[in-house]
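The paragraphs after it go through the model part by part.

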Amino acid sequence: MVLSRAPSDTDVSVHSTFASRYVRASLPRYRMPENSIPKEAAYQIINDELMLDGNPRLNLASFVTTWMEPECDKLIMASINKNYVDMDEYPVTTELQNRCVNMIAHLFHAPLGESETAVGVGTVGSSEAIMLAGLAFKRRWQNRRKAEGKPFDKPNIITGANVQVCWEKFARYFEVELKEVKLREGYYVMDPEQAVGMVDESTICVAAILGSTLNGEFEDVKRINDLLEKKNKETGWDTPIHVDAASGGFIAPFLYPELEWDFRLPWVKSINVSGHKYGLVYAGIGWCVWRNKEDLPDELIFHINYLGADQPTFTLNFSKGSSQVIAQYYQLIRHGFEGYRNIMENCHENAMVLKEGLERTGRFSIVSKDEGVPLVAFSLKDRSRHDEFEISDMLRRFGWIVPAYTMPPDAQHITVLRVVIREEFSRTLAERLVLDIDKVMSQLDALPSSKLAPPPALLPAATLPTKTVVVANGHVKKTELETQKSVTDAWKKFVLAKKTNGVC
């Protein structure tokens, strides 16, 4: 007699993943499941859901690196289990971070002696780097005010309205007043004269942006420095500059080496840069470097010894991975100055290809500048039928992720689309994007206008008859005012019916 048995519910050895019971029932979303599932099923369930994400390579909204060489990927995976904060246990990783800090400081022309080491730190991104730089400025200002016997409870910082949200976070979290220079149509960066004009004795620093998030433009750091030089001499103040070079710090040294924006300017005391943007590393690495030791107050540096040795630390978090630090070192020695310059030149040339392609359509105005971060920001010349948000939405059907957004005050009436050109965005993709944008415009032209016609303009009430008139056969003839009121009410109902309560 042949013996056989039916496999139990828990015996998955004879099942493929898609034939098992683990993909037949949905897992709880917000509670931990009661029972375990096989690793193959867990992988497949998660992998399938992640397929609904956008393609990172086609995410043209992001400045963040989405491609690295396979050799660097191997280094990342080999060090993914190393906690960077264990400096005594991983001394080589610590040494690699110190090398990166010094390379970046020299790239930014820090005034270092032959044997002098740079003052800086690796962070999880430019947001943390800005928090640390801001804290250093606040503490230095407070110490100086205390020594002078003056109030030190109401510090402020000067920025443009185009700054990234991390500056607003810093101001709110650490109780610093944020004084913003408003933008205006055609000028989408901080005006140096207005910025320095807002400086007072409670200003801890002026924050200049090297590569605006909105249109990639470099702010005039040298002009700000020269104006501050004059104001500081006249007032006896000591107002410094911080340069937020999150996007432009790995661009300007290679494309615009003569541009003075860094430690060549005497009032620039600290600079942050994102390694995970044009530093060419995956998300999770930023850098902050100071001009010299005096610009980073000692009381902000903590010393710990419970990991085996005395370790100085100046970070907002504690544990973090080592992979991105190692990846940054790989990119710096792999490419060198020559390699970074070639990559940035390619990015700039591809941005120009895209810009020229958009100009040839005759449909768009270019908002970005040729000098700056390699991106193209553009807006519709004619918005009477459709707008930039519709273009952004329809480009998704081709796989492209291109953001549309309004400018900050006082240019909020301007809407733009923005395409960020990264290392892996090739000439072929740039040309293909132009073709797809042209297709989208043709498709939109064939659709009814999304702009609803406005309601009839109401005439002043005094000019209209106000009494209802009864005509023959008992019919009621409404006055012009009543007629227009009924039309307006119907219009309001129509508009309200079209509105949705979407989540932003």
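Predicted model: local features only at pLDDT ≥ 70, side-chain atom pairs only at ≥ 80, totals over all residues.

Residues are numbered from 1 along each chain as its sequence is written, and side-chain values use heavy atoms, with hydrogens and water left out.

Begin with strand 4, residues 203–209. Because 7 of the 7 residues of strand 4 are buried, strand 4 is largely enclosed by the rest of the structure. Buried means under 20% relative accessible area, exposed means over 50%, and partly exposed lies in between (1.4 Å probe, protein chains only). Strand 4 pairs with strand 2 (residues 156–160) in the parallel sense over 3 bridges; two strands pair if DSSP finds at least two bridges between them. Asparagine 156 has threonine 203 in strand 4 as its bridge partner. Strand 4 also pairs with strand 5 (residues 241–244), in the parallel sense and over 4 bridges. There, isoleucine 209 has aspartate 244 in strand 5 as its bridge partner.

Next comes an open sheet of 4 strands with antiparallel pairing, in the order 10-11-13-12. Its edge strands, which each pair on one side only, are strand 10 (364–366) and strand 12 (404–406). From one strand to the next, the twist averages 40°. Angles run from 0 to 180 degrees between N-to-C directions, and axes are lines fitted to C-alpha atoms, for helices over the stretch in contact. Strand 12 and strand 13 (residues 415–420) run antiparallel and are joined by 3 bridges. Threonine 406 has threonine 415 in strand 13 as its bridge partner. Helix 9 (residues 323–361) lies across strand 10, strand 11 (375–380) and strand 13, and runs at about 15° to strand 11. Contact means heavy atoms within 4.5 Å.

Now the loops. Aspartate 410 is in the loop between strand 12 and strand 13, and a cis peptide bond with omega of about 0° joins proline 409 to aspartate 410. Glutamate 175, in the loop between helix 5 (165–173) and strand 3 (177–181), has a positive phi near 55°. Is glutamate 175 buried or exposed? Glutamate 175 counts as exposed because its relative accessibility is 65%. Leucine 280 has a positive phi near 75° and lies in the loop between strand 6 (268–274) and strand 7 (286–290). Leucine 280 counts as buried, because its relative accessibility is 2%.

On a 1 Å grid over the protein atoms alone, a cavity is a set of points where a 1.4 Å probe fits but cannot get out; a pocket is an open set with protein on both sides within 12 Å along at least five of seven lines; lining residues have an atom within 4 Å of a point.

Of its 21 lining residues, the closest to the centre are Gln164, Thr213, Ala246, Ser274 and Lys277.

Terms used:
Helix = DSSP H or I, 4+ residues; strand = E, 2+ residues; numbered from the N terminus.
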